Amino acid sequence: MKKSIFILFTFIFMILAACSNQSDEATATPSENKDGKTEVIFWHAMSGDLETVLKEIVEEFNQSHPSIEVKPIFQGTYEEALTKFNTVAGTKDTPTIMQTFEVGTKYMIDSGKIQPVQKFIDEENYDISQWEKNIVNYYTVDGKIYSMPFNSSTPVLIYNKDAFKEAGLDPEKPPMTYSELKEAARKLTKKQGGQTTQYGFSILNYGWFFEEMLAVQGGLYVNNENGRKGNATKAIFNSEEGLRVFDLIRDMYKEGTFYNVGQNWDDMHAAFQSKKVAMYLDSSAGVKTIIDNAPFEVGVSYLPVPDGVERQGVIIGGASLWMAKNISEKQQKAAWEFMKYLATPEVQAKWHVKTGYFAINPAAYDEEIVKAEWEKYPQLKVTVDQLKQTKPIPATQGALISVFPESRQKVVKAMESLYQGVDPKEALDRAAAETNRALEVANKK
(Lines give C-alpha, C1' and ligand atoms only; values in the text may rest on other atoms or scores of the structure.)
Protein backbone atom coordinates (compact mmCIF):
# COMPACT_ATOMS: atom_id res chain seq x y z
CA MET A 1 0.00 0.00 0.00
CA LYS A 2 1.55 3.19 -1.13
CA LYS A 3 1.84 6.14 1.17
CA SER A 4 0.16 8.45 -1.33
CA ILE A 5 -2.98 6.30 -1.30
CA PHE A 6 -3.26 6.56 2.46
CA ILE A 7 -2.75 10.31 2.39
CA LEU A 8 -5.53 10.61 -0.16
CA PHE A 9 -7.71 8.21 1.83
CA THR A 10 -7.24 10.24 5.00
CA PHE A 11 -7.86 13.53 3.17
CA ILE A 12 -11.14 12.30 1.73
CA PHE A 13 -12.16 10.95 5.12
CA MET A 14 -11.65 14.40 6.67
CA ILE A 15 -13.70 16.06 3.93
CA LEU A 16 -16.59 13.62 4.30
CA ALA A 17 -16.49 13.80 8.05
CA ALA A 18 -16.59 17.60 7.91
CA CYS A 19 -19.67 17.39 5.75
CA SER A 20 -21.42 14.84 7.95
CA ASN A 21 -23.84 17.41 9.33
CA GLN A 22 -25.03 18.33 5.87
CA SER A 23 -28.04 16.67 4.26
CA ASP A 24 -27.51 13.08 3.17
CA GLU A 25 -30.24 13.36 0.58
CA ALA A 26 -29.20 12.53 -2.95
CA THR A 27 -30.83 11.56 -6.15
CA ALA A 28 -31.39 7.81 -6.03
CA THR A 29 -29.84 5.71 -8.75
CA PRO A 30 -32.24 4.42 -11.41
CA SER A 31 -33.92 1.19 -10.26
CA GLU A 32 -34.24 -0.49 -13.63
CA ASN A 33 -32.14 -0.89 -16.75
CA LYS A 34 -33.37 -0.65 -20.33
CA ASP A 35 -34.60 -4.27 -20.19
CA GLY A 36 -36.83 -3.57 -17.21
CA LYS A 37 -34.63 -5.55 -14.82
CA THR A 38 -33.70 -4.26 -11.38
CA GLU A 39 -30.06 -3.29 -11.74
CA VAL A 40 -27.52 -4.01 -9.01
CA ILE A 41 -24.15 -2.33 -9.54
CA PHE A 42 -21.54 -4.36 -7.65
CA TRP A 43 -18.14 -2.74 -7.08
CA HIS A 44 -15.45 -5.23 -6.13
CA ALA A 45 -11.69 -5.64 -5.74
CA MET A 46 -11.31 -9.21 -6.99
CA SER A 47 -8.71 -9.46 -9.77
CA GLY A 48 -7.23 -12.28 -11.84
CA ASP A 49 -8.62 -15.75 -11.18
CA LEU A 50 -10.76 -14.42 -8.33
CA GLU A 51 -12.57 -12.07 -10.69
CA THR A 52 -13.18 -14.94 -13.11
CA VAL A 53 -14.85 -17.03 -10.42
CA LEU A 54 -16.87 -14.06 -9.19
CA LYS A 55 -18.16 -13.34 -12.68
CA GLU A 56 -19.20 -16.97 -13.09
CA ILE A 57 -21.22 -16.82 -9.87
CA VAL A 58 -22.84 -13.53 -10.86
CA GLU A 59 -23.79 -14.90 -14.28
CA GLU A 60 -25.40 -17.97 -12.69
CA PHE A 61 -27.37 -15.70 -10.36
CA ASN A 62 -28.56 -13.50 -13.22
CA GLN A 63 -29.70 -16.53 -15.19
CA SER A 64 -31.69 -17.90 -12.25
CA HIS A 65 -33.16 -14.47 -11.35
CA PRO A 66 -34.53 -13.04 -14.62
CA SER A 67 -35.93 -9.88 -12.98
CA ILE A 68 -32.52 -8.84 -11.55
CA GLU A 69 -29.23 -8.01 -13.25
CA VAL A 70 -26.10 -7.80 -11.12
CA LYS A 71 -23.22 -5.99 -12.82
CA PRO A 72 -19.82 -6.69 -11.25
CA ILE A 73 -17.33 -3.88 -11.84
CA PHE A 74 -13.67 -4.16 -10.82
CA GLN A 75 -12.42 -1.05 -9.00
CA GLY A 76 -8.77 -1.89 -8.27
CA THR A 77 -7.32 -2.76 -4.88
CA TYR A 78 -9.36 -2.47 -1.69
CA GLU A 79 -7.75 0.90 -0.99
CA GLU A 80 -8.40 2.19 -4.51
CA ALA A 81 -11.98 0.93 -4.51
CA LEU A 82 -12.73 2.59 -1.18
CA THR A 83 -11.22 5.85 -2.36
CA LYS A 84 -13.53 5.76 -5.40
CA PHE A 85 -16.52 4.92 -3.22
CA ASN A 86 -15.81 7.92 -1.04
CA THR A 87 -16.07 10.23 -4.03
CA VAL A 88 -19.54 9.01 -5.06
CA ALA A 89 -21.12 7.92 -1.77
CA GLY A 90 -24.52 9.56 -1.39
CA THR A 91 -24.83 10.50 -5.07
CA LYS A 92 -26.67 8.96 -8.01
CA ASP A 93 -23.42 7.21 -8.95
CA THR A 94 -23.26 5.20 -5.73
CA PRO A 95 -22.87 1.46 -6.41
CA THR A 96 -25.65 -0.76 -5.04
CA ILE A 97 -23.16 -3.12 -3.38
CA MET A 98 -19.65 -2.24 -2.30
CA GLN A 99 -16.95 -4.76 -1.36
CA THR A 100 -14.71 -3.36 1.38
CA PHE A 101 -11.81 -4.93 3.26
CA GLU A 102 -12.26 -5.71 6.94
CA VAL A 103 -10.30 -2.72 8.24
CA GLY A 104 -12.69 -0.41 6.42
CA THR A 105 -15.59 -1.58 8.61
CA LYS A 106 -15.58 1.31 11.07
CA TYR A 107 -15.16 3.81 8.26
CA MET A 108 -18.14 2.44 6.34
CA ILE A 109 -20.35 2.54 9.43
CA ASP A 110 -19.35 6.12 10.24
CA SER A 111 -19.93 7.25 6.66
CA GLY A 112 -23.70 7.07 7.14
CA LYS A 113 -23.99 6.05 3.48
CA ILE A 114 -24.77 2.36 3.96
CA GLN A 115 -27.83 0.29 4.86
CA PRO A 116 -27.05 -2.39 7.48
CA VAL A 117 -28.06 -5.84 6.27
CA GLN A 118 -29.56 -6.35 9.72
CA LYS A 119 -32.65 -4.57 8.37
CA PHE A 120 -33.36 -7.40 5.93
CA ILE A 121 -32.36 -10.10 8.37
CA ASP A 122 -34.99 -8.78 10.78
CA GLU A 123 -37.67 -8.19 8.15
CA GLU A 124 -37.75 -11.78 6.99
CA ASN A 125 -36.39 -13.44 10.11
CA TYR A 126 -33.43 -14.72 8.10
CA ASP A 127 -31.54 -17.48 9.88
CA ILE A 128 -28.02 -16.17 10.45
CA SER A 129 -27.09 -19.26 12.47
CA GLN A 130 -26.23 -20.81 9.11
CA TRP A 131 -23.33 -18.35 8.80
CA GLU A 132 -19.95 -19.09 10.36
CA LYS A 133 -20.10 -17.47 13.80
CA ASN A 134 -16.43 -16.51 13.97
CA ILE A 135 -16.75 -14.69 10.66
CA VAL A 136 -20.01 -12.90 11.44
CA ASN A 137 -18.58 -11.69 14.77
CA TYR A 138 -16.21 -9.33 12.99
CA TYR A 139 -18.97 -7.53 11.11
CA THR A 140 -21.31 -7.34 14.11
CA VAL A 141 -21.20 -4.05 16.01
CA ASP A 142 -23.45 -3.35 19.01
CA GLY A 143 -25.50 -6.41 18.18
CA LYS A 144 -26.13 -5.31 14.58
CA ILE A 145 -24.74 -7.00 11.46
CA TYR A 146 -23.71 -4.22 9.10
CA SER A 147 -22.38 -6.10 6.09
CA MET A 148 -22.47 -9.60 4.68
CA PRO A 149 -19.23 -11.56 5.02
CA PHE A 150 -17.99 -12.66 1.62
CA ASN A 151 -14.32 -13.43 1.00
CA SER A 152 -12.87 -14.33 4.38
CA SER A 153 -9.40 -15.57 5.24
CA THR A 154 -7.02 -15.93 8.18
CA PRO A 155 -3.24 -16.26 8.47
CA VAL A 156 -1.54 -19.64 8.65
CA LEU A 157 2.01 -20.95 8.90
CA ILE A 158 3.22 -22.35 5.57
CA TYR A 159 6.28 -24.62 5.56
CA ASN A 160 8.43 -26.75 3.28
CA LYS A 161 7.96 -30.37 4.35
CA ASP A 162 10.93 -31.53 2.28
CA ALA A 163 13.17 -29.00 4.01
CA PHE A 164 11.91 -30.27 7.36
CA LYS A 165 12.96 -33.82 6.47
CA GLU A 166 16.39 -32.67 5.30
CA ALA A 167 16.90 -30.77 8.58
CA GLY A 168 15.90 -33.78 10.66
CA LEU A 169 12.57 -32.22 11.68
CA ASP A 170 9.26 -34.06 11.74
CA PRO A 171 7.21 -32.64 8.82
CA GLU A 172 4.02 -33.64 10.61
CA LYS A 173 4.94 -31.64 13.71
CA PRO A 174 5.29 -27.96 12.71
CA PRO A 175 6.27 -25.43 15.39
CA MET A 176 3.35 -24.31 17.57
CA THR A 177 5.24 -22.03 19.98
CA TYR A 178 7.85 -19.30 19.61
CA SER A 179 10.63 -21.46 21.08
CA GLU A 180 9.75 -24.29 18.69
CA LEU A 181 9.68 -21.81 15.81
CA LYS A 182 13.12 -20.45 16.69
CA GLU A 183 14.60 -23.94 17.07
CA ALA A 184 13.15 -25.14 13.78
CA ALA A 185 14.36 -21.98 12.01
CA ARG A 186 17.91 -22.58 13.25
CA LYS A 187 17.92 -26.11 11.81
CA LEU A 188 16.36 -24.97 8.55
CA THR A 189 18.76 -22.09 7.94
CA LYS A 190 21.56 -22.99 5.52
CA LYS A 191 24.79 -21.17 4.74
CA GLN A 192 27.30 -21.59 1.97
CA GLY A 193 30.52 -19.62 1.66
CA GLY A 194 29.40 -17.06 4.21
CA GLN A 195 26.09 -16.53 2.40
CA THR A 196 22.71 -17.69 3.67
CA THR A 197 21.10 -19.84 0.99
CA GLN A 198 17.99 -20.75 2.98
CA TYR A 199 16.41 -18.85 5.85
CA GLY A 200 14.28 -20.56 8.45
CA PHE A 201 11.42 -18.09 8.68
CA SER A 202 9.90 -14.87 7.37
CA ILE A 203 6.91 -12.58 7.85
CA LEU A 204 5.81 -10.12 5.21
CA ASN A 205 6.11 -6.53 6.45
CA TYR A 206 2.35 -6.14 6.55
CA GLY A 207 0.32 -4.88 9.50
CA TRP A 208 -2.27 -7.64 9.23
CA PHE A 209 0.20 -10.27 10.40
CA PHE A 210 1.14 -8.22 13.45
CA GLU A 211 -2.55 -7.79 14.30
CA GLU A 212 -3.08 -11.54 14.06
CA MET A 213 -0.04 -12.43 16.15
CA LEU A 214 -1.32 -9.97 18.74
CA ALA A 215 -4.86 -11.38 18.76
CA VAL A 216 -3.83 -15.03 18.96
CA GLN A 217 -2.40 -14.14 22.38
CA GLY A 218 -5.57 -12.29 23.39
CA GLY A 219 -3.92 -8.89 22.94
CA LEU A 220 -6.02 -5.86 21.98
CA TYR A 221 -5.10 -3.33 19.30
CA VAL A 222 -6.94 -0.35 20.82
CA ASN A 223 -8.79 0.46 24.04
CA ASN A 224 -12.53 0.23 24.75
CA GLU A 225 -12.41 -3.48 24.00
CA ASN A 226 -10.91 -2.98 20.56
CA GLY A 227 -13.24 -0.07 19.84
CA ARG A 228 -16.34 -2.24 20.19
CA LYS A 229 -17.53 -0.70 23.47
CA GLY A 230 -17.30 2.86 22.25
CA ASN A 231 -14.91 4.78 20.01
CA ALA A 232 -11.30 3.82 20.54
CA THR A 233 -9.20 6.68 21.88
CA LYS A 234 -5.85 5.00 22.39
CA ALA A 235 -3.69 2.36 20.74
CA ILE A 236 -2.66 -0.36 23.18
CA PHE A 237 -0.90 -2.75 20.82
CA ASN A 238 2.41 -1.67 22.38
CA SER A 239 1.58 -4.07 25.19
CA GLU A 240 3.36 -7.15 26.48
CA GLU A 241 1.68 -9.16 23.70
CA GLY A 242 2.78 -6.76 20.98
CA LEU A 243 6.31 -6.59 22.33
CA ARG A 244 6.58 -10.39 22.21
CA VAL A 245 5.92 -10.24 18.47
CA PHE A 246 8.50 -7.53 17.84
CA ASP A 247 11.04 -9.26 20.09
CA LEU A 248 10.57 -12.46 18.10
CA ILE A 249 11.26 -10.72 14.79
CA ARG A 250 14.24 -8.79 16.21
CA ASP A 251 15.78 -11.88 17.84
CA MET A 252 15.44 -14.11 14.78
CA TYR A 253 16.71 -11.40 12.44
CA LYS A 254 19.79 -10.82 14.61
CA GLU A 255 20.37 -14.55 14.74
CA GLY A 256 20.29 -14.75 10.96
CA THR A 257 17.35 -17.14 10.71
CA PHE A 258 14.78 -14.53 9.63
CA TYR A 259 14.57 -13.20 6.08
CA ASN A 260 13.44 -9.61 5.49
CA VAL A 261 11.41 -10.00 2.30
CA GLY A 262 9.85 -6.51 2.31
CA GLN A 263 6.19 -5.70 1.64
CA ASN A 264 5.49 -7.46 -1.66
CA TRP A 265 3.41 -10.64 -1.55
CA ASP A 266 4.84 -11.92 -4.84
CA ASP A 267 8.37 -11.57 -3.48
CA MET A 268 7.42 -13.65 -0.45
CA HIS A 269 5.85 -16.38 -2.57
CA ALA A 270 8.87 -16.42 -4.86
CA ALA A 271 11.22 -16.72 -1.87
CA PHE A 272 9.31 -19.72 -0.56
CA GLN A 273 8.98 -21.49 -3.89
CA SER A 274 12.69 -20.97 -4.66
CA LYS A 275 13.57 -22.45 -1.24
CA LYS A 276 15.03 -19.16 -0.02
CA VAL A 277 12.64 -19.39 2.95
CA ALA A 278 11.49 -22.62 4.60
CA MET A 279 8.61 -21.22 6.74
CA TYR A 280 6.50 -18.10 6.52
CA LEU A 281 3.06 -16.66 7.29
CA ASP A 282 0.47 -16.36 4.53
CA SER A 283 -3.25 -15.91 4.01
CA SER A 284 -5.33 -19.08 4.09
CA ALA A 285 -6.77 -17.96 0.74
CA GLY A 286 -3.39 -18.49 -0.89
CA VAL A 287 -2.80 -22.05 0.31
CA LYS A 288 -4.03 -23.87 -2.79
CA THR A 289 -2.00 -21.70 -5.17
CA ILE A 290 1.15 -22.18 -3.10
CA ILE A 291 0.69 -25.95 -3.09
CA ASP A 292 0.14 -26.04 -6.84
CA ASN A 293 3.24 -23.99 -7.61
CA ALA A 294 5.77 -25.25 -5.06
CA PRO A 295 8.29 -27.88 -6.30
CA PHE A 296 8.08 -29.65 -2.94
CA GLU A 297 5.50 -30.84 -0.43
CA VAL A 298 3.82 -27.98 1.43
CA GLY A 299 2.63 -28.09 5.02
CA VAL A 300 0.07 -25.78 6.65
CA SER A 301 -0.32 -25.14 10.36
CA TYR A 302 -1.70 -22.75 12.98
CA LEU A 303 -0.09 -19.47 13.99
CA PRO A 304 2.62 -20.11 16.59
CA VAL A 305 2.08 -18.54 20.02
CA PRO A 306 4.55 -17.41 22.71
CA ASP A 307 5.53 -20.09 25.21
CA GLY A 308 3.12 -20.36 28.12
CA VAL A 309 0.41 -18.34 26.37
CA GLU A 310 -2.99 -19.90 25.75
CA ARG A 311 -4.05 -19.81 22.09
CA GLN A 312 -7.10 -17.58 21.54
CA GLY A 313 -7.53 -17.84 17.78
CA VAL A 314 -7.43 -15.61 14.74
CA ILE A 315 -9.18 -12.53 13.36
CA ILE A 316 -11.05 -12.70 10.08
CA GLY A 317 -9.36 -10.97 7.19
CA GLY A 318 -10.63 -10.40 3.68
CA ALA A 319 -13.73 -8.38 2.89
CA SER A 320 -17.49 -8.10 3.14
CA LEU A 321 -20.34 -6.70 1.06
CA TRP A 322 -22.05 -3.43 1.98
CA MET A 323 -25.39 -2.15 0.72
CA ALA A 324 -25.78 1.51 -0.23
CA LYS A 325 -28.32 3.63 1.61
CA ASN A 326 -29.38 6.12 -1.05
CA ILE A 327 -30.91 3.57 -3.45
CA SER A 328 -34.48 2.47 -4.01
CA GLU A 329 -36.12 -0.15 -1.84
CA LYS A 330 -36.42 -2.27 -4.96
CA GLN A 331 -32.66 -2.20 -5.49
CA GLN A 332 -31.99 -2.96 -1.84
CA LYS A 333 -34.24 -6.02 -1.99
CA ALA A 334 -32.54 -7.16 -5.20
CA ALA A 335 -29.13 -6.69 -3.58
CA TRP A 336 -30.30 -8.69 -0.57
CA GLU A 337 -31.47 -11.52 -2.86
CA PHE A 338 -28.01 -11.61 -4.39
CA MET A 339 -26.35 -11.65 -0.97
CA LYS A 340 -28.54 -14.55 0.16
CA TYR A 341 -27.69 -16.40 -3.02
CA LEU A 342 -23.99 -15.95 -2.34
CA ALA A 343 -24.46 -17.44 1.12
CA THR A 344 -26.04 -20.70 -0.06
CA PRO A 345 -24.02 -23.89 0.56
CA GLU A 346 -23.74 -24.64 -3.16
CA VAL A 347 -22.33 -21.22 -4.06
CA GLN A 348 -20.07 -21.11 -1.01
CA ALA A 349 -18.73 -24.57 -1.83
CA LYS A 350 -17.78 -23.39 -5.30
CA TRP A 351 -16.25 -20.18 -3.93
CA HIS A 352 -14.20 -22.08 -1.33
CA VAL A 353 -12.93 -24.70 -3.77
CA LYS A 354 -12.03 -22.28 -6.55
CA THR A 355 -10.55 -19.46 -4.45
CA GLY A 356 -9.37 -20.91 -1.13
CA TYR A 357 -11.46 -18.44 0.87
CA PHE A 358 -13.55 -19.79 3.74
CA ALA A 359 -17.17 -20.72 3.21
CA ILE A 360 -19.26 -18.27 5.23
CA ASN A 361 -21.87 -21.03 5.36
CA PRO A 362 -20.20 -24.10 6.97
CA ALA A 363 -22.80 -26.37 5.35
CA ALA A 364 -20.75 -25.86 2.20
CA TYR A 365 -18.07 -28.13 3.63
CA ASP A 366 -20.50 -31.04 3.36
CA GLU A 367 -20.88 -30.55 -0.39
CA GLU A 368 -19.26 -33.26 -2.52
CA ILE A 369 -17.00 -30.84 -4.41
CA VAL A 370 -15.51 -29.68 -1.11
CA LYS A 371 -15.00 -33.23 0.18
CA ALA A 372 -13.21 -34.11 -3.04
CA GLU A 373 -11.06 -30.97 -2.80
CA TRP A 374 -10.09 -31.65 0.80
CA GLU A 375 -9.10 -35.16 -0.23
CA LYS A 376 -6.69 -33.61 -2.71
CA TYR A 377 -5.72 -30.65 -0.51
CA PRO A 378 -5.97 -31.72 3.16
CA GLN A 379 -4.15 -28.50 4.06
CA LEU A 380 -7.38 -26.57 3.41
CA LYS A 381 -9.07 -28.29 6.33
CA VAL A 382 -6.29 -27.06 8.65
CA THR A 383 -7.24 -23.45 7.88
CA VAL A 384 -10.91 -24.17 8.62
CA ASP A 385 -10.08 -25.97 11.88
CA GLN A 386 -8.01 -23.01 13.14
CA LEU A 387 -10.96 -20.71 12.51
CA LYS A 388 -13.46 -23.04 14.18
CA GLN A 389 -11.30 -23.26 17.29
CA THR A 390 -11.10 -19.48 17.63
CA LYS A 391 -12.59 -18.10 20.87
CA PRO A 392 -15.12 -15.26 20.45
CA ILE A 393 -13.42 -12.51 22.45
CA PRO A 394 -12.74 -8.82 21.64
CA ALA A 395 -9.19 -9.65 20.57
CA THR A 396 -10.27 -12.14 17.91
CA GLN A 397 -13.31 -10.08 16.94
CA GLY A 398 -10.93 -7.48 15.57
CA ALA A 399 -10.40 -3.78 16.20
CA LEU A 400 -12.74 -1.06 14.97
CA ILE A 401 -11.06 2.22 14.08
CA SER A 402 -11.67 4.49 11.11
CA VAL A 403 -7.94 5.19 10.70
CA PHE A 404 -6.93 1.54 10.45
CA PRO A 405 -5.15 1.76 7.05
CA GLU A 406 -3.05 4.65 8.36
CA SER A 407 -2.28 2.82 11.58
CA ARG A 408 -1.22 -0.27 9.67
CA GLN A 409 1.36 1.79 7.83
CA LYS A 410 2.77 3.02 11.14
CA VAL A 411 3.13 -0.58 12.31
CA VAL A 412 4.80 -1.59 9.04
CA LYS A 413 7.26 1.27 9.44
CA ALA A 414 7.95 0.07 12.99
CA MET A 415 8.49 -3.51 11.81
CA GLU A 416 10.96 -2.38 9.19
CA SER A 417 12.88 -0.29 11.70
CA LEU A 418 13.73 -3.47 13.59
CA TYR A 419 16.05 -4.45 10.74
CA GLN A 420 17.96 -1.21 11.27
CA GLY A 421 18.55 -2.08 14.91
CA VAL A 422 15.80 0.04 16.51
CA ASP A 423 14.74 -1.26 19.91
CA PRO A 424 11.44 -3.21 19.67
CA LYS A 425 9.77 -1.25 22.47
CA GLU A 426 10.86 2.08 21.01
CA ALA A 427 9.56 1.09 17.56
CA LEU A 428 6.23 -0.15 18.92
CA ASP A 429 5.72 2.86 21.18
CA ARG A 430 6.31 5.21 18.26
CA ALA A 431 3.74 3.40 16.10
CA ALA A 432 1.24 3.56 18.96
CA ALA A 433 1.85 7.28 19.50
CA GLU A 434 1.35 7.99 15.79
CA THR A 435 -1.86 5.97 15.81
CA ASN A 436 -3.04 7.93 18.85
CA ARG A 437 -2.57 11.21 16.98
CA ALA A 438 -4.60 9.86 14.05
CA LEU A 439 -7.34 8.68 16.42
CA GLU A 440 -7.46 12.06 18.12
CA VAL A 441 -7.99 13.85 14.81
CA ALA A 442 -10.62 11.33 13.67
CA ASN A 443 -12.54 11.49 16.96
CA LYS A 444 -12.84 15.28 16.77
CA LYS A 445 -14.85 15.07 13.57
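Residues are numbered from 1 along each chain as its sequence is written, and side-chain values use heavy atoms, with hydrogens and water left out. Since the model is predicted, local features need pLDDT of at least 70 and side-chain atom pairs count only at pLDDT 80 or more, while totals for chains, interfaces and linings use all residues.

Helices and strands here are DSSP runs numbered from the N terminus (H or I, at least four residues, for helices; E, at least two, for strands). Start with α15 (residues 345–355) and α16 (residues 368–376), whose axes come within 9 Å and cross at roughly 20°. Axes are lines fitted to C-alpha atoms, for helices over the stretch in contact, and angles run from 0 to 180 degrees between N-to-C directions. That makes α15 and α16 roughly parallel to each other; angles under 35 degrees count as roughly parallel, over 145 as roughly antiparallel, 65 to 115 as roughly perpendicular and the rest as oblique. Their crossing is left-handed, a label used if the near helix is turned anticlockwise from the far one by less than a right angle, with right-handed used if clockwise. On the α15 side, Ala349, Lys350, His352 and Val353 meet Ile369, Val370, Glu373 and Trp374 of α16, where contact means heavy atoms within 4.5 Å. By class, this contact has 5 nonpolar, 1 polar and 2 charged residues (Ala, Val, Leu, Ile, Met, Phe, Trp, Tyr, Cys and Pro count as nonpolar, Asp, Glu, Lys and Arg as charged, and the others, Gly among them, as polar).

Next come α11 (residues 240–255) and α20 (residues 424–443), with axes that come within 9 Å and cross at roughly 130°, so α11 and α20 are oblique to each other. The crossing of α11 and α20 is right-handed. Gly242, Leu243, Phe246, Asp247 and Arg250 of α11 meet Pro424, Lys425, Ala427 and Leu428 of α20, a set that splits into 5 nonpolar, 1 polar and 3 charged residues.

The α2–α14 crossing is right-handed. Ile57, Val58, Glu60, Phe61 and Ser64 of α2 make the contact with Glu337, Phe338, Tyr341 and Leu342 of α14, giving 6 nonpolar, 1 polar and 2 charged residues.

On a 1 Å grid over the protein atoms alone, a cavity is a set of points where a 1.4 Å probe fits but cannot get out, and a pocket is an open set with protein on both sides within 12 Å along at least five of seven lines; lining residues have an atom within 4 Å of a point. Grid points are joined across faces, edges and corners, and a volume is the space filled by probe spheres set on the points.

The largest pocket holds about 1500 Å³. Its lining has 42 residues, with Ser47, Leu50, Tyr78, Trp265 and Tyr357 nearest the centre. α13 gives the most to this lining, with 4 residues. By class, the pocket lining has 15 nonpolar, 16 polar and 11 charged residues.

The count gives 1 cavity of 30 Å³ or more, and the largest cavity has a volume of about 110 Å³. Among its 19 lining residues, Glu211, Ile315, Gly398, Ala399 and Phe404 are closest to the centre. α9 supplies the largest share of the cavity lining, 5 residues.
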